[in-house]
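This report is written for a reader who is new to protein structures. Please keep the sequence and the model in view while reading.

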Amino acid sequence: MITTAFFDTKPYDRPHFDALASALGVSITYFESKLNEKTATLARGFDVVCAFVNDTISERVIDTLYEGGVRLIAMRCAGYNNIDFKAAYGKIHIVRVPAYSPHAVAEHAVALLLSAVRHIHKSYARTREFNFSLTGLVGFDLYGKTVGVVGTGKIGRVFCDICRGFGMRVLAYDPYPAADLDVEYCSFEALCRESDVISLHCPLTEESLHLIDRASIALMKEGVVIINTSRGALIDSHALLEGIRSRKIGSAALDVYEEEAELFYEDQSATILSDDVLMLLISMPNVLVTSHQAFLTEEALSNIAETTMASIDAFGRGAFMEHEICYRCDHCHKREGARCF
Ligand code: NAI
């Protein structure tokens, strides 16, 4: 039986994984702690580690896991910026869930966009206190406005389709434009200059780190709306805060935050947060923050469990793993239908 150490477990994870585990002969031990240098020893004696977006999979963590017998890290997410791939290569295989529901994330981005533009978060708070005033709640029509979509992969293209349904002009920037997508591709700078709304749907890489910074904000229209459901560090939070304060940015809706790892997914309501930037952002009337929940639909959770468990099953059978990734994926053995190494 394949043994799996499941880190950063939340109550909504278990039903979907438990439903598949026994049929596949996989035993899962659930740990609430995140995977990091302090907790990696918990995985000693397990074959597989299942990890998530805010786990720390550094060289030291990888070495500890490897010494403890772990040979597969199954990421139950699409993004993988938290893994030291070079350290893992040759030791521990890594799989991920490349697509579980692009609709879940794109629809959440749209929910954030509509809430920000029509001040739904403020209306909700007001009417709960029987304050039925409309003062300060003037929004704007999305129809006829320009949305700039950064990254037109699986999620970005669903977001583009929805925006077109609103009658928006869709501009896009992607270093690898899609030939089959009916959008106007342009440079990132032109997108910043021309968009009323900017939504981020690209991965976090060395090139995209702080893509939204002082310089790019300076190019943007007064009152621009910024939506980020991708990764927090695509935005320089200090620059964002400055842009909000100077009123250059009309509103920001964030599902991710660059320093979210120790905060998001946990109830911090009785804690004095030490992150002043996040506290200031949250205190702004035109900033809306959700806690990295864009993926959280029944459909996505079910797809995540199915793909992850299928990878673990393939690993146990010694078979090819379709969703394996490594840092040499353009040149590794996967091209020949084998495992990366
Ligand atoms: P994808 O791989 O299908 O598409 C990403 C696109 O971004 C590709 O077309 C790629 O060419 C483009 N790209 C790469 N570097 C770029 C850059 N510097 N500037 C502009 N575009 C660039 O990925 P998918 O599935 O659409 O996911 C996008 C991102 O969404 C993920 O990387 C992840 O960070 C985030 N995500 C967030 C979730 C949440 O719950 N908030 C859940 C799932 C994904």
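## The ligand and its shell

The ligand is surrounded by 23 residues, and the closest are Tyr100, Lys154, Ile155, Asp174 and Thr229, where a residue is near a molecule if one of its heavy atoms lies within 4 Å of it. This is a predicted model, in which local features need pLDDT of at least 70 and side-chain atom pairs count only at pLDDT 80 or more, while totals for chains, interfaces and linings use all residues. Residues are numbered from 1 along each chain as its sequence is written, and side-chain values use heavy atoms, with hydrogens and water left out.

A polar contact is a pair of N or O atoms within 3.5 Å. An N or O atom in the side chain of Lys154 lies 2.8 Å from an oxygen atom of the ligand, and a backbone N or O atom of Thr229 is 2.9 Å from a nitrogen atom of the ligand. Of the 870 Å² of accessible area that the ligand has on its own, the protein covers 86%, with areas taken from the Shrake-Rupley method with a 1.4 Å probe.

## The two domains

An automatic or database domain assignment gives the bounds, and the protein chain is divided into domain 1 (2–100 + 297–336) and domain 2 (102–289). Their contact, meaning heavy atoms within 4.5 Å, takes 14 residues from domain 1 and ten residues from domain 2. The C-alpha centres of domain 1 and domain 2 are 30 Å apart.

## Gly165

Gly165 and Tyr143 are 22 residues apart in sequence, and their C-alpha atoms are 9.0 Å apart in space.

Conventions
Polar contact = N/O pair within 3.5 Å; in protein donor to acceptor, adjacent residues only side chain to side chain.
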